[in-house]
Amino acid sequence: MSAKLEIRNLVKRFGGLVATNDVSFTVEPGQSIGLIGPNGAGKTTIFSQIMGEHQQSSGDILIDENEISRLSTPQRILAGVSRTYQVPRPFSDMSVAENIRVGLTPDSIWQMITRGPNPDRELELAESVGLAEEQLARLPSELSMGDLRKLEMARTLATAPRMMLLDEVFAGLTVNEIAVISKLVQSMRDDGMTFLIVSHDLKALEPLVDEAIAINQGQLIAEGSYSDVMADKAVRASYLGAE
Amino acid sequence: MGLRWHHFALWGLFAVTLFVLPEFVSRGTLRTLIFANFLAIFAISWDTLSGRTGYISFGHPFLIGIGAYTTAILTKRFDVAMEISIPIAVIATMVGGLIVLLPALRIKGSYFALVTLAMMELIYQLVQVIRPDLTGGTRGMSGLPTLTRGAVNGYYMSVSLMLAIALTTWLVMRTRLGTALSAIGMNEEAVSGSGLSVTKLKMAAFLFSAFIAGLGGAVYIHYLGSIAPRALFDINFVFTIIVAALIGGAGTTVGPIAGAFFLTFLLEYLRPYLPGAERYMVYSGLALILYMAQPKGMWELFFQGIAKFDRLGRRE
């Protein structure tokens, strides 16, 4: 089942800086939206607010019509929304399998003790993102950037999300790795996953999204079809640096 | 948990070795071994909190002291039986564990370490000035009831307790709880981003650590029959616990035990040559060299040695 995300009049202030300025948009179930904007536009700050890592100054965040602003990050994940990070955050001294295991772990101390790990599910998740069985025992330091992104996707998928927020998912990847990750996102889209994707690689982003939203200096400046947004004057001026 | 028969065989071998030791060593060595067992308990407790979650505590005697003083006061001043006072002491220490948890919800790193150090200093000052008629003030208390008589019985009690705590900790840390606690030490935000409540996990670690510290502290003073605040809240004692866990192998269960035994015997064998505090300089130097050689501790060095031996064997 896919999740619906609604952002209403979201505002985030860091002292005198307005990082998110009255932003509203909706991502329908199963839809994939590209969130674009220049560096420092406030894209990641929106992700952090959706996940509860930063509390918004005002505004509402709803998943499936339910307000989630008061929920902690793990509770939001339980509600069905998960994210990846610009810089992958693996558990450095743990194997690939153990990294995925953390994502599969139930948020109950009792169940953590009484329920053993599920190696079959760990392998299934690893393979679903394109990691090989022999990589399960490896440490993150032994993985390429592409494989680290795959590992992060696997750990995120382990939390059973219905909506994924992908932050700069193509950053630091080779052309081949971008193709692999794109294929993975496409197949998850086919399975009905809702996506909000941030990427500076517009060429790689285009085939993955139904629509796009552009923000600049915390404000929403354009939304609609990908081509319309890219053709928007304000977007070109701010994001592409052209009049 | 991935348990194999050889895990239990090794634990069995370790236990049998420790249990037959009194047949082969002198009473003096046995007393050193008793202290090593208690130090191992305290190092396991410290490691559960700090080695796993990365919240370095410089004030672990705060927890040990709550356990020790609770049972000492109850037995000495109120004639409560040890069977009752020790469980109460453990519960009181777990409440103390929650007090240590409070700063850990807001601060980490060196700030947390300093707060825990302040906690230890606070309890040290408090037991001296608040109701010295109960705590014994600066002189502490003597004539406390003891659980055992003689070195051999004391040894068996301490080794049984240490093994029970070590095995329980080892089993718990092999579950997904252990994996999640270690993950906190590596990247707390990513644990939260994996859908796990970091506060809940930290509370579990702090309570478990306090349980061990309280039990160890309470039984320790009922082995000694006395309690001395100056020794209990001595900064050297804190560092001995931390260094035992670190050079043995933080984040493991066997590492702190190995470190505790190594340090205790090192300090004991240095005593005839360096009777004063200079001994601590030698052991800190040695600890530093060991730590620089392998930050993951002696336990990792042991595994590296086995791997090297294995490679050599295959080559031949």
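**Reading the model**

In α3(A), 7 of the 9 residues are buried, which leaves this helix mostly covered. This is a predicted model, in which local features need pLDDT of at least 70 and side-chain atom pairs count only at pLDDT 80 or more, while totals for chains, interfaces and linings use all residues. Residues are numbered from 1 along each chain as its sequence is written, chains are lettered from A and ligands numbered from 1 in the order in which they are written, and side-chain values use heavy atoms, with hydrogens and water left out.

Q: Why is Arg101(A) called buried?
A: Buried means under 20% relative accessible area, exposed means over 50%, and partly exposed lies in between (1.4 Å probe, protein chains only). Arg101(A) has a relative accessible area of 17%, so it is buried.

Q: Where is Arg101(A) found, and what is a helix here?
A: Arg101(A) belongs to helix α3 of chain A, residues 96-104. Helices (H or I, at least four residues) and strands (E, at least two) are DSSP runs, numbered from the N terminus.

Q: Which residues of α3(A) are buried, and what do they pack against?
A: The buried residues are Val96(A), Ala97(A), Asn99(A), Ile100(A), Arg101(A), Val102(A) and Gly103(A). They pack against α5 (119-128) and α6 (145-158) of chain A, together with α8 (176-186) of chain B.

Q: What does Arg101(A) touch, not counting residues up to four places away in sequence?
A: Contact means heavy atoms within 4.5 Å. On that basis Arg101(A) touches Pro117(A), Glu122(A) and Arg176(B).

Q: What makes Glu28(A) partly exposed?
A: Its relative accessible area is 37%, so Glu28(A) is partly exposed. Glu28(A) sits in the loop between β2 (17-27) and β3 (32-36) of chain A. Apart from neighbours within four places in sequence, Glu28(A) is in contact with Ala3(A), Lys4(A) and Thr194(A).

Q: Why does Gly193(B) count as buried?
A: Gly193(B) has 15% relative accessibility, so it counts as buried. Gly193(B) is in the loop between α9 (188-192) and α10 of chain B. Leaving aside neighbours within four places in sequence, its contacts are Thr73(A), Ile77(A) and Tyr85(A).

Q: What makes a set of residues a nonpolar core, and which residues have the most contacts inside the largest one?
A: A nonpolar core is a set of buried Ala, Val, Leu, Ile, Met, Phe, Trp, Tyr and Cys residues joined through side-chain atoms within 4.5 Å. The largest has 102 residues, and those with the most contacts inside it are Phe38(B), Leu201(B), Phe206(B), Ile227(B) and Phe261(B). Helix α10 (residues 198-224) of chain B gives the most to this core, with 15 residues. A second, separate core of 41 residues includes Ala126(A), Phe195(A), Leu205(A) and Val229(A).
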